[in-house]
Amino acid sequence: MDDPRQALVAERARNERLLADVERSMRDVSDARQDANSDDEHDPEGATLAWERGSLGAVRDDARERIRLVDAALARLDAGTYGRCAVGGEPIPGARLAAVPWAATCVAHA
């Protein structure tokens, strides 16, 4: 990998944008729910709103977790431990880091 910091910063920015978009969509769904004056159990649209809220919540949680993982990888980069398995200490193969720049472990310890 040529520049892991660049890949990590780009991934962090992508997930920050995703998180902002999802949170905006969650507010829109919440606003639609308030305006609907219905309950999820008896209104056919209620189930759709509940499903959408749940789906958006999962995407939000994944984006937050990815940001956490990227921040940890940036800290390892600053500490000089980036690219070494956090479990066994062996080098993480370049192909793995190219595919998952925030990887903290080799494939055997993943």
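Student: What makes Asp78 and Arg5 a salt bridge?

Tutor: In this predicted model, the side chains of Asp78 and Arg5 come to 2.6 Å, N to O. The cut-off is 4 Å between a Lys or Arg side-chain nitrogen and an Asp or Glu carboxyl oxygen, so the pair qualifies.

Student: Which parts of the chain does that pair link?

Tutor: Distant ones: Asp78 sits in helix α2 and Arg5 in helix α1, 73 residues apart.

Student: How many salt bridges turn up in the whole structure?

Tutor: The search finds nine. One of them joins Arg14 and Glu11, with the closest N and O atoms 3.0 Å apart. That is within the 4 Å limit, so Arg14 and Glu11 count as a salt bridge.

Student: How do you know that Arg14 and Glu11 are about one helical turn apart?

Tutor: Both are in helix α1 with a spacing of three residues, so about one helical turn separates them.

Student: Is Glu11 buried or exposed?

Tutor: Buried. Glu11 has a relative accessible area of 12%, and buried means under 20%, so Glu11 gets that label. Arg14, on the other hand, has 39% relative accessibility and so counts as partly exposed.

Student: What does Glu11 touch?

Tutor: Skipping residues up to four places away in sequence, Glu11 touches Arg66, Val70 and Trp102. Arg66 also shows up in a network of salt bridges that links Glu11, Arg14 and Arg66.

Student: What makes Arg12 and Glu16 a salt bridge?

Tutor: Their side chains meet at 2.0 Å, N to O. With the limit at 4 Å, the pair therefore passes. Arg12 and Glu16 both lie in helix α1, four residues apart, about one turn of the helix.

Student: On to the core. Which residues make up the largest nonpolar core?

Tutor: Eleven residues in all, among them Leu8, Val70, Ala73, Leu74, Ile92 and Trp102. Helix α2 (residues 44-79) gives the largest share of this core, three residues. A second, separate core has five residues, including Val22, Met26, Leu49 and Leu56.

Student: What is Trp102 in contact with?

Tutor: Leaving aside neighbours within four places in sequence, Trp102 is in contact with Leu8, Glu11, Arg66, Leu69, Val70, Ala73 and Arg76.

Student: How many helices and strands does the chain have?

Tutor: Three helices and zero strands, in the pattern α-α-α along the sequence. Helix α1, where Glu11 is found, covers residues 4-36.

Student: What share of the chain counts as buried?

Tutor: 26% of the 110 residues. The chain exposes about 6,800 Å², with carbon and sulfur atoms supplying 53% of that area.

Student: And what share of the contacts comes from residues 24 or more positions apart?

Tutor: Such residues account for 55% of the contacts with a separation of 6 or more.

Key: Residues are numbered from 1 along each chain as its sequence is written. This is a predicted model: local features need pLDDT of at least 70, side-chain atom pairs count only at pLDDT 80 or more; totals for chains, interfaces and linings use all residues. Side-chain values use heavy atoms; hydrogens and water are left out. Helices (H or I, at least four residues) and strands (E, at least two) are DSSP runs, numbered from the N terminus. Buried means under 20% relative accessible area, exposed over 50%, partly exposed in between (1.4 Å probe, protein chains only). Contact means heavy atoms within 4.5 Å. A nonpolar core is a set of buried Ala, Val, Leu, Ile, Met, Phe, Trp, Tyr and Cys residues joined through side-chain atoms within 4.5 Å. Accessible areas come from the Shrake-Rupley method with a 1.4 Å probe; for residues, only the protein chains shown count as cover.
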